[in-house]
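Reader: I'd like to go through this one label by label. Can you show me the number behind each word?

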Amino acid sequence: MSEVKSSMVRQTARVAAVCLSIFGSAVLLTACGTDKDIDITKLGMETDPPETLYNQGLANIKAGNLAEAGRKFDAVDKQNPFSDWSQKALVMSTFVKYRQNQYAEAISTGNRYLTLYPSTKDSAYVQYLIGLSNWRQIASVTQDQKFSTRTIEAMNKVVKDYPTSEYVADAQVKMRFARDQLAGKEMQVGRYYLERKEYLAAIQRFRVVVEQYSNTNQIEEALARLVEAYYAMGVVQEAQTAAAVLGHNYPDSKWYKDSFDLLKSGGVSPSETQESWISKAGKKLFTKDS
(Lines give C-alpha, C1' and ligand atoms only; values in the text may rest on other atoms or scores of the structure.)
Protein backbone atom coordinates (compact mmCIF):
# COMPACT_ATOMS: atom_id res chain seq x y z
CA MET A 1 0.00 0.00 0.00
CA SER A 2 2.84 2.35 0.86
CA GLU A 3 4.51 1.61 -2.48
CA VAL A 4 1.32 2.62 -4.30
CA LYS A 5 1.17 5.85 -2.37
CA SER A 6 4.82 6.57 -3.10
CA SER A 7 4.24 5.94 -6.79
CA MET A 8 1.25 8.29 -6.82
CA VAL A 9 3.25 10.97 -5.04
CA ARG A 10 6.06 10.69 -7.58
CA GLN A 11 3.60 10.90 -10.52
CA THR A 12 1.89 13.90 -8.96
CA ALA A 13 5.23 15.66 -8.53
CA ARG A 14 6.18 15.01 -12.16
CA VAL A 15 2.83 16.31 -13.38
CA ALA A 16 3.21 19.39 -11.19
CA ALA A 17 6.69 20.01 -12.58
CA VAL A 18 5.48 19.70 -16.18
CA CYS A 19 2.55 21.97 -15.48
CA LEU A 20 4.82 24.54 -13.85
CA SER A 21 7.16 24.41 -16.86
CA ILE A 22 4.29 24.85 -19.31
CA PHE A 23 2.77 27.61 -17.22
CA GLY A 24 6.09 29.40 -16.97
CA SER A 25 6.62 29.21 -20.73
CA ALA A 26 3.10 30.46 -21.32
CA VAL A 27 3.69 33.42 -19.05
CA LEU A 28 6.95 34.24 -20.85
CA LEU A 29 5.35 33.97 -24.28
CA THR A 30 2.41 36.09 -23.13
CA ALA A 31 4.78 38.73 -21.81
CA CYS A 32 6.72 38.81 -25.08
CA GLY A 33 3.49 39.07 -27.05
CA THR A 34 1.90 41.84 -25.02
CA ASP A 35 4.81 44.04 -23.96
CA LYS A 36 4.97 46.79 -26.60
CA ASP A 37 8.50 47.73 -25.57
CA ILE A 38 9.93 44.38 -26.64
CA ASP A 39 10.69 43.80 -30.30
CA ILE A 40 12.57 40.54 -30.74
CA THR A 41 13.59 41.55 -34.27
CA LYS A 42 15.72 44.32 -32.80
CA LEU A 43 17.34 42.49 -29.93
CA GLY A 44 20.45 41.73 -31.98
CA MET A 45 20.70 45.29 -33.27
CA GLU A 46 20.60 46.74 -29.79
CA THR A 47 23.72 44.85 -28.77
CA ASP A 48 25.84 46.07 -31.70
CA PRO A 49 28.28 48.95 -31.09
CA PRO A 50 27.63 52.22 -32.99
CA GLU A 51 30.60 51.73 -35.33
CA THR A 52 29.26 48.34 -36.38
CA LEU A 53 25.76 49.69 -36.95
CA TYR A 54 27.10 52.63 -38.95
CA ASN A 55 29.24 50.42 -41.18
CA GLN A 56 26.31 48.06 -41.66
CA GLY A 57 24.29 51.06 -42.80
CA LEU A 58 26.95 51.97 -45.35
CA ALA A 59 27.06 48.38 -46.57
CA ASN A 60 23.28 48.36 -47.02
CA ILE A 61 23.45 51.56 -49.07
CA LYS A 62 26.05 49.96 -51.32
CA ALA A 63 23.81 46.90 -51.65
CA GLY A 64 20.83 49.07 -52.55
CA ASN A 65 18.91 48.25 -49.36
CA LEU A 66 18.05 51.79 -48.33
CA ALA A 67 15.30 50.86 -45.87
CA GLU A 68 17.63 48.67 -43.83
CA ALA A 69 20.40 51.28 -44.07
CA GLY A 70 18.03 53.86 -42.63
CA ARG A 71 17.16 51.57 -39.71
CA LYS A 72 20.85 51.12 -38.92
CA PHE A 73 21.59 54.84 -38.94
CA ASP A 74 18.50 55.63 -36.87
CA ALA A 75 19.55 52.99 -34.35
CA VAL A 76 22.96 54.64 -33.98
CA ASP A 77 21.32 57.99 -33.27
CA LYS A 78 18.80 56.59 -30.80
CA GLN A 79 21.28 54.49 -28.86
CA ASN A 80 24.18 56.95 -28.85
CA PRO A 81 22.69 60.48 -28.96
CA PHE A 82 25.05 63.45 -29.20
CA SER A 83 28.00 61.17 -29.93
CA ASP A 84 30.37 61.44 -32.89
CA TRP A 85 28.73 58.36 -34.38
CA SER A 86 25.28 59.87 -33.94
CA GLN A 87 26.46 63.01 -35.73
CA LYS A 88 27.67 60.97 -38.71
CA ALA A 89 24.55 58.80 -38.67
CA LEU A 90 22.24 61.84 -38.85
CA VAL A 91 23.94 62.96 -42.06
CA MET A 92 23.49 59.54 -43.63
CA SER A 93 19.94 59.23 -42.33
CA THR A 94 19.07 62.52 -44.04
CA PHE A 95 20.61 61.25 -47.27
CA VAL A 96 18.80 57.87 -47.11
CA LYS A 97 15.42 59.48 -46.44
CA TYR A 98 15.96 61.82 -49.38
CA ARG A 99 16.86 58.89 -51.64
CA GLN A 100 13.72 57.05 -50.52
CA ASN A 101 11.58 60.08 -51.47
CA GLN A 102 10.71 60.58 -47.81
CA TYR A 103 11.17 64.31 -48.20
CA ALA A 104 9.37 65.52 -45.08
CA GLU A 105 11.39 63.09 -42.95
CA ALA A 106 14.64 64.11 -44.68
CA ILE A 107 13.92 67.78 -44.00
CA SER A 108 13.09 67.06 -40.36
CA THR A 109 16.24 65.00 -39.82
CA GLY A 110 18.38 67.53 -41.65
CA ASN A 111 17.03 70.42 -39.58
CA ARG A 112 17.74 68.46 -36.42
CA TYR A 113 21.31 67.95 -37.54
CA LEU A 114 21.80 71.64 -38.30
CA THR A 115 20.33 72.61 -34.93
CA LEU A 116 22.84 70.36 -33.16
CA TYR A 117 25.80 70.81 -35.51
CA PRO A 118 25.49 74.05 -37.52
CA SER A 119 29.17 74.47 -38.37
CA THR A 120 30.60 71.06 -39.25
CA LYS A 121 32.18 69.98 -42.51
CA ASP A 122 28.90 68.22 -43.40
CA SER A 123 26.56 71.13 -42.60
CA ALA A 124 26.61 72.48 -46.17
CA TYR A 125 25.72 69.06 -47.56
CA VAL A 126 22.84 68.61 -45.10
CA GLN A 127 21.49 72.08 -45.94
CA TYR A 128 21.75 71.19 -49.62
CA LEU A 129 19.79 67.97 -49.02
CA ILE A 130 17.06 70.00 -47.32
CA GLY A 131 16.93 72.24 -50.37
CA LEU A 132 16.75 69.24 -52.71
CA SER A 133 13.98 67.68 -50.64
CA ASN A 134 11.91 70.84 -51.12
CA TRP A 135 12.87 71.17 -54.78
CA ARG A 136 11.67 67.63 -55.51
CA GLN A 137 8.21 68.59 -54.24
CA ILE A 138 7.71 71.64 -56.46
CA ALA A 139 4.39 71.30 -58.28
CA SER A 140 3.30 72.64 -61.66
CA VAL A 141 2.42 76.32 -61.88
CA THR A 142 -1.26 75.45 -61.75
CA GLN A 143 -0.81 74.32 -58.15
CA ASP A 144 0.37 75.84 -54.90
CA GLN A 145 4.00 76.96 -55.02
CA LYS A 146 4.93 76.71 -51.33
CA PHE A 147 7.78 74.33 -52.11
CA SER A 148 9.23 76.79 -54.62
CA THR A 149 9.41 79.35 -51.84
CA ARG A 150 10.91 76.81 -49.44
CA THR A 151 13.45 75.74 -52.06
CA ILE A 152 14.63 79.31 -52.47
CA GLU A 153 14.90 79.76 -48.70
CA ALA A 154 16.84 76.51 -48.22
CA MET A 155 19.17 76.91 -51.19
CA ASN A 156 19.81 80.55 -50.35
CA LYS A 157 21.20 79.34 -47.01
CA VAL A 158 23.60 77.11 -48.92
CA VAL A 159 24.80 80.11 -50.93
CA LYS A 160 24.94 82.58 -48.05
CA ASP A 161 26.09 80.36 -45.17
CA TYR A 162 28.44 78.07 -47.10
CA PRO A 163 29.69 80.22 -50.01
CA THR A 164 32.78 78.09 -50.67
CA SER A 165 30.99 74.75 -50.71
CA GLU A 166 30.73 72.61 -53.82
CA TYR A 167 26.94 72.80 -53.67
CA VAL A 168 26.61 76.53 -54.36
CA ALA A 169 26.45 76.27 -58.16
CA ASP A 170 23.63 73.73 -58.18
CA ALA A 171 21.85 75.57 -55.37
CA GLN A 172 21.72 78.63 -57.63
CA VAL A 173 20.35 76.54 -60.49
CA LYS A 174 17.62 75.19 -58.24
CA MET A 175 16.76 78.68 -57.04
CA ARG A 176 16.40 79.93 -60.61
CA PHE A 177 14.03 77.10 -61.37
CA ALA A 178 11.99 77.85 -58.25
CA ARG A 179 11.82 81.54 -59.15
CA ASP A 180 10.67 80.62 -62.65
CA GLN A 181 7.88 78.61 -61.05
CA LEU A 182 6.81 81.48 -58.80
CA ALA A 183 6.84 83.85 -61.76
CA GLY A 184 4.92 81.30 -63.80
CA LYS A 185 2.25 81.14 -61.14
CA GLU A 186 1.85 84.92 -61.23
CA MET A 187 1.59 84.78 -65.01
CA GLN A 188 -1.03 82.05 -64.87
CA VAL A 189 -3.23 84.11 -62.56
CA GLY A 190 -2.57 87.27 -64.58
CA ARG A 191 -3.65 85.61 -67.81
CA TYR A 192 -6.79 84.38 -66.06
CA TYR A 193 -7.76 87.96 -65.20
CA LEU A 194 -6.72 89.26 -68.61
CA GLU A 195 -8.99 86.78 -70.38
CA ARG A 196 -11.87 88.01 -68.24
CA LYS A 197 -11.01 91.64 -68.97
CA GLU A 198 -10.21 92.31 -65.33
CA TYR A 199 -7.29 94.45 -66.41
CA LEU A 200 -6.25 96.03 -63.12
CA ALA A 201 -6.05 92.64 -61.42
CA ALA A 202 -4.07 91.28 -64.36
CA ILE A 203 -1.66 94.21 -64.32
CA GLN A 204 -0.97 93.67 -60.63
CA ARG A 205 0.17 90.12 -61.34
CA PHE A 206 2.32 91.06 -64.33
CA ARG A 207 3.86 93.87 -62.32
CA VAL A 208 4.99 91.38 -59.65
CA VAL A 209 6.84 89.44 -62.33
CA VAL A 210 8.54 92.54 -63.74
CA GLU A 211 9.56 93.94 -60.36
CA GLN A 212 10.33 90.77 -58.41
CA TYR A 213 11.17 88.13 -61.01
CA SER A 214 12.88 90.07 -63.76
CA ASN A 215 15.60 87.44 -64.21
CA THR A 216 13.18 84.62 -64.94
CA ASN A 217 11.96 83.15 -68.20
CA GLN A 218 8.60 84.88 -67.72
CA ILE A 219 9.78 88.48 -68.07
CA GLU A 220 9.26 88.85 -71.83
CA GLU A 221 5.66 87.69 -71.73
CA ALA A 222 4.98 89.77 -68.62
CA LEU A 223 6.02 92.96 -70.42
CA ALA A 224 4.00 91.99 -73.50
CA ARG A 225 0.94 91.29 -71.37
CA LEU A 226 1.31 94.71 -69.78
CA VAL A 227 1.25 96.22 -73.28
CA GLU A 228 -1.92 94.26 -73.99
CA ALA A 229 -3.66 95.12 -70.71
CA TYR A 230 -2.80 98.82 -70.68
CA TYR A 231 -3.72 99.21 -74.34
CA ALA A 232 -7.07 97.51 -73.73
CA MET A 233 -7.74 99.97 -70.89
CA GLY A 234 -6.86 102.93 -73.09
CA VAL A 235 -3.74 103.79 -71.07
CA VAL A 236 -1.68 104.00 -74.23
CA GLN A 237 1.34 105.76 -72.75
CA GLU A 238 2.00 102.92 -70.33
CA ALA A 239 1.46 100.38 -73.11
CA GLN A 240 4.04 102.21 -75.22
CA THR A 241 6.50 102.25 -72.33
CA ALA A 242 6.12 98.52 -71.70
CA ALA A 243 6.72 97.83 -75.38
CA ALA A 244 9.77 100.11 -75.44
CA VAL A 245 11.32 98.37 -72.42
CA LEU A 246 10.57 95.00 -73.99
CA GLY A 247 12.13 96.05 -77.30
CA HIS A 248 15.19 97.53 -75.65
CA ASN A 249 15.97 94.35 -73.71
CA TYR A 250 14.62 91.71 -76.08
CA PRO A 251 14.58 93.19 -79.61
CA ASP A 252 14.38 89.77 -81.28
CA SER A 253 11.62 88.44 -79.05
CA LYS A 254 8.39 87.12 -80.50
CA TRP A 255 6.63 88.94 -77.67
CA TYR A 256 8.12 92.25 -78.79
CA LYS A 257 6.95 91.69 -82.36
CA ASP A 258 3.42 91.00 -81.11
CA SER A 259 3.48 94.11 -78.93
CA PHE A 260 4.85 96.27 -81.73
CA ASP A 261 2.15 95.05 -84.12
CA LEU A 262 -0.57 95.71 -81.53
CA LEU A 263 0.52 99.31 -81.05
CA LYS A 264 1.02 99.81 -84.80
CA SER A 265 -2.58 98.70 -85.40
CA GLY A 266 -3.66 101.68 -83.29
CA GLY A 267 -1.35 104.11 -85.03
CA VAL A 268 1.26 104.37 -82.25
CA SER A 269 4.70 102.91 -81.60
CA PRO A 270 6.83 101.96 -78.59
CA SER A 271 7.95 105.04 -76.67
CA GLU A 272 9.38 105.08 -73.14
CA THR A 273 8.10 107.44 -70.48
CA GLN A 274 10.86 107.82 -67.90
CA GLU A 275 8.46 108.53 -65.01
CA SER A 276 6.61 105.26 -65.51
CA TRP A 277 7.12 102.44 -62.99
CA ILE A 278 7.76 100.19 -66.00
CA SER A 279 10.68 102.36 -67.13
CA LYS A 280 12.19 102.34 -63.63
CA ALA A 281 11.79 98.57 -63.39
CA GLY A 282 13.28 98.17 -66.86
CA LYS A 283 16.50 99.80 -65.73
CA LYS A 284 16.94 97.05 -63.16
CA LEU A 285 16.64 94.19 -65.61
CA PHE A 286 19.57 91.77 -65.35
CA THR A 287 20.88 93.50 -62.24
CA LYS A 288 19.12 91.41 -59.58
CA ASP A 289 20.54 88.26 -58.09
CA SER A 290 18.98 85.14 -59.55
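Reader: Where does Phe82 sit?
Author: Phe82 is in the loop between α4 and α5 (84-99). Helices here are DSSP runs of H or I, at least four residues long, and strands are runs of E, at least two, all numbered from the N terminus. Before we go on, this is a predicted model, where local features need pLDDT of at least 70 and side-chain atom pairs count only at pLDDT 80 or more, while totals for chains, interfaces and linings use all residues. Residues are numbered from 1 along each chain as its sequence is written, and side-chain values use heavy atoms, with hydrogens and water left out.

Reader: Why is Phe82 called exposed?
Author: Its relative accessible area is 62%. The cut-offs are under 20% for buried, over 50% for exposed and partly exposed in between, with a 1.4 Å probe and protein chains only. So 62% puts Phe82 in the exposed class.

Reader: What makes the phi of Phe82 worth a remark?
Author: Phi is near 65 degrees there, a positive value in a residue other than glycine. Lys197 also has a positive phi, about 60 degrees, and isn't a glycine. Lys197 lies in the loop between α9 and α10 (199-212), and at 62% relative accessibility it counts as exposed.

Reader: How many helices and strands are there?
Author: The chain has 14 helices and zero strands. Buried residues account for 41% of its 290 residues.

Reader: How do you know how helix α4 compares with its expected span?
Author: Helix α4 covers residues 66-79, which is 14 residues, and reaches 20 Å from first C-alpha to last. The expected span is 1.5 Å times one less than the number of residues, and the reach is close to the 20 Å that this gives. Buried residues in α4 include Leu66, Lys72, Phe73 and Val76.

Reader: What does the side chain of Ser148 make a polar contact with?
Author: With the side chain of Gln145, at 2.7 Å. Ser148 is in helix α8, and its relative accessible area is 1%, so it is buried. It touches Ile138, Ala178, Gln181 and Leu182, not counting residues up to four places away in sequence. Contact means heavy atoms within 4.5 Å.

Reader: On to the rings. Why is the pair of Tyr125 and Tyr167 called tilted?
Author: The structure holds nine aromatic pairs, and in this one the ring centres are 5.6 Å apart with the planes at 40 degrees. Rings of Phe, Tyr and Trp (its six-membered ring) pair if their centres lie within 6.5 Å; planes under 30 degrees apart count as stacked, over 60 as edge-to-face and the rest as tilted. So 5.6 Å makes it a pair, and 40 degrees makes it tilted. The partners are 42 residues apart, Tyr125 in helix α7 (residues 123-135) and Tyr167 in the loop between α8 (146-161) and α9 (168-195). Tyr167 is buried, at 18%.

Reader: What makes Trp135 and Phe177 edge-to-face?
Author: Their planes are 75 degrees apart, with 6.2 Å centre to centre. This pair also links distant parts of the chain, Trp135 in helix α7 and Phe177 in helix α9. Trp135, at 21% relative accessibility, is partly exposed, and so is Phe177 at 37%.

Reader: How do you know that the charged end of Lys174 sits over the ring of Trp135?
Author: The charged end is 4.5 Å from the ring centre. The label asks for NZ of Lys or CZ of Arg within 6 Å of the centre and within 35 degrees of the ring normal. Lys88 does likewise over the ring of Tyr54, at 4.7 Å. Tyr54 is also part of a cluster, linked by ring pairs with Phe73 and Trp85.

Definitions and conventions
Polar contact = N/O pair within 3.5 Å; in protein donor to acceptor, adjacent residues only side chain to side chain.
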